Amino acid sequence: MELTPDNRKTFEEIVARYPVKRSALLPTLRLVQEQEGWLSREAIQHIAKLLDLTPAQVHDTASFYTMFRLQPKGKTVIEVCTTLSCALGGAEELLHYACNKLGIEPGDTTADGRFTVKEAECLAGCGGAPAVQVNGEWLEHATEADIDKVLAGETVRRSFEWPRSPGEHILFQNVWKENSTSMDVYRSSGGYGKLGQWLGMEPEAIVEEVKKSNLRGRGGAGFPTGMKWGFLPKDSGKPIYLCVNADESEPGTYKDRVIIERDPHRLIEAIIVSCHAIRAKTAYIYIRGEFHEGARTLEKALAEARAAGYVGRNILGTGLDVDIWVHRGAGSYECGEETALIESLEGKRGQPRIKPPFPAVVGLYGCPTIVNNVETLANVPLVLERGAEWFASYGTEKNGGPKLYSISGHVVRPGSYEAPMGRITLKDLIYGEGYAQGIRDGHELKAVVPGGSSTPVLLADEIDIAMDFDGVAQAGSMLGSAGTIVMDDSTCMVWMAKNLIYFYKHESCGKCSPCREGTGWMLRLLENIEAGQGTEKDLDLLWKITDSISGKTVCPFGDAAIAPPQSTLQKFREEFEYHVREKRCWKTVAPTFAEAKARSGVSA
Ligand SMILES: Cc1cc2nc3c(=O)[nH]c(=O)nc-3n(C[C@H](O)[C@H](O)[C@H](O)COP(=O)(O)O)c2cc1C
Ligand code: SF4
Ligand code: FES
């Protein structure tokens with residue numbers, strides 16, 4: 001196999017973006033796959049030769065990522081997300097509908113090679129449940145009629161329509177404008193207007209402003225951004241890198257996607273200023289592989305920004321250089337973890353490093369590196385434009401600035417909404433007229449995952465809490481990435497825990513045994529319990545497994561994975577016991593647990 005002349009040129013351009021050739025591995029695998037349809041043994045050998053690697057190294061990396069095809073696939077690949085928000089919206093039924101129509105099982109390809117139907121893990125299309133991608137293009141709120149059309153050879157695309165939030169839109173200022181992705185629209189709202197002035201500031205002065213603003217990382221942990229930047233060693237003599245975390249893979253979270261797909265120049269300007277603040281000359285936007293539209297949008301915006309002199313050498317005549325490159329992932333939740341992201345960027349499996357050392361000291365290519373979330377960075381120009389005091393006072397104490405909240409599941413109006421951090425409660429977000437507008441007709445709220453699938457579940461009477469890092473922590477959960485998933489009274493909590501453990505088992509990177517073995521073990525137990533084949537001992541065993549994972553893994557994935565089974569066992573133990581005692585799921589008996597209990601003669 002050989003690259004076509006055009007692809008050879010693209011390959012040379014890709015390699016030139018990185019100081020280490022192996023970093024070009026993921027983009028090259030993608031390029032070859034797009035050319036050949038899949039990655040044959042010959043293709044792997046060819047890539048190895050191109051990048052001075054062994055075929056074993058190439059295969060080792062390729063086999064880690066779900067988006068690389070080591071077997072031929074159908075001409076049309078239909079991927080149905082079956083993670084929690086989509087499953088609550090009927091994704092499992094849709095998946096089986098497509099498979100039954102074609103007479104295949106999930107993951108299979110039809111004998112004529114026309115179609116492959118696969119399950120996908122959360123695609124960051126949670127509000128558009130069930131979210132489907134057909135050959136990488138969005139088909140959100142997908143229906144059986146859509147599937148029929150796709151199977152008949154029609155092109156059907158549907159992207160989620162972002163509903164507006166009430167109040168002031170700052171980060172979302174441009175989202176609903178026509179042509180919102182263009183540089184002209186961004187400029188007409190003041191974008192790039194003060195860039196020259198900010199690039200004239202001393203980097204330390206920007207870091208100080210960000211410290212004073214109380215901006216906390218929006219990727220999940222809420223770590224103060226200015227403090228993180230302050231950890232960079234002075235005069236290490238090595239280049240400094242900025243890695244923009246656009247992996248957005250935490251189930252329930254789909255807010256960075258709005259900025260990426262609707263206002264890419266906001267992110268680009270933020271990256272340029274942040275690079276100046278931390279003295280980085282190169283930034284890589286690590287974007288999840290499934291964001292096909294997002295990657296195209298960013299590339300186009302970057303080309304415009306380069307042509308206008310905002311990106312590249314001697315920006316606006318300031319003598320400063322900042323290069324920004326889009327680096328696409330290939331299907332792995334764990335690559336959102338900052339050190340796994342760095343490994344993946346270096347062209348390896350997305351497995352985390354042991355910390356310390358932290359990336360600020362030893363990161364990409366062994367150099368000082370800052371990893372920041374898209375939304376975090378998007379706030380930086382705002383801190384400079386309106387001032388640190390304004391920013392700090394816009395949110396709540398120690399939680400500065402505007403915040404993006406995603407909400408999905410059994411609500412009337414799912415969406416990603418903007419509000420001053422912590423100035424709305426979880427209850428406002430779920431029931432507010434300008435937000436999710438409450439629970440779908442005829443149902444009651446049962447449970448809420450407030451901050452993405454890794455955060456412990458809250459009960460219906462625990463939602464009167466401020467949606468900031470401290471408010472949600474006080475209620476015994478976490479704000480995390482602020483991806484709220486709402487479940488009504490038709491939801492079986494054993495099924496819910498099983499659904500999320502399926503996700504974590506699938507996504508465990510396998511590096512440490514408590515997580516690698518524990519997630520599989522928990523899944524088997526939950527499958528048994530849900531099917532009515534579990535015992536009282538299984539409930540204790542499930543708890544013990546969560547206990548032996550807690551705090552004992554290489555990265556926080558382990559603690560994330562145990563949040564659903566632990567918190568459901570704690571708060572909904574009665575439902576687990578029902579499955580064991582009655583040897584079936586209560587959903588086979590009645591539409592709600594309360595009714596099922598009444599029918600079994602169990603007192604409420
Ligand atoms: C399993 C796992 C997955 C993660 N996924 C993401 C992600 O998709 N996006 C993100 O920004 N941060 C994610 N993080 C957090 C990152 O490790 C890191 O804390 C974050 O990018 C730092 O940026 P911030 O300080 O701006 O929040 C994840 C962490 C873990 C443990
Ligand atoms: S906890 Fe261990 S196995 Fe799980 S994702 Fe992290 S490093 Fe990988
Ligand atoms: S896109 Fe399906 S759960 Fe997020």
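A: Let's start with how buried Gly-89 is. This is a predicted model, and in it Gly-89 counts as buried because it has 24 C-beta neighbours inside 10 Å, while 20 or more is what it takes. Where does Gly-89 lie? You'll find Gly-89 in the loop between α5 (84–88) and α6 (91–102). If you skip the neighbours within four places in sequence, Gly-89 is in contact with Ala-129 and Pro-130. Pro-264 is another story: 175 residues separate it from Gly-89 in sequence, and the C-alpha to C-alpha separation in space is 29 Å.

Now hop over to the sheet. It's an open one with four strands in the order β7-β6-β5-β8, and the pairing is parallel. At the edges sit β7 (323–328) and β8 (369–373), each pairing on one side only. On average, neighbouring strands of this sheet are turned by 20° against each other, direction ignored. Zoom in on β6 (residues 282–287) and you'll see that six bridges join it to β7, with the two running parallel. For instance, Tyr-286 has His-327 in β7 as its bridge partner. Helix α15 (residues 338–345) packs on the sheet, touching β5 (241–246), β6, β7 and β8, and its direction makes about 110° with that of β5.

Last stop is ligand 2. It's surrounded by 14 residues, and the closest are Cys-509, Cys-515, Thr-553, Cys-555 and Phe-557. The elements giving two or more residues to that shell are α22 (513–530) and α24 (557–571). By type, the shell around ligand 2 has seven nonpolar, four polar and three charged residues.

Terms used. Residues are numbered from 1 along each chain as its sequence is written. Chains are lettered from A and ligands numbered from 1 in the order in which they are written. This is a predicted model: local features need pLDDT of at least 70, side-chain atom pairs count only at pLDDT 80 or more; totals for chains, interfaces and linings use all residues. A residue is near a molecule or strand if its C-beta atom, placed from the backbone, lies within 6 Å of it. Ala, Val, Leu, Ile, Met, Phe, Trp, Tyr, Cys and Pro count as nonpolar, Asp, Glu, Lys and Arg as charged, and the others, Gly among them, as polar. A residue is buried if 20 or more other C-beta atoms lie within 10 Å of its own, exposed if 12 or fewer, and partly exposed in between; C-beta atoms are placed from the backbone. Two residues are in contact if their C-beta atoms, placed from the backbone, lie within 7 Å. Two strands pair if DSSP finds at least two bridges between them. Axes are lines fitted to C-alpha atoms, for helices over the stretch in contact, and angles run from 0 to 180 degrees between N-to-C directions.
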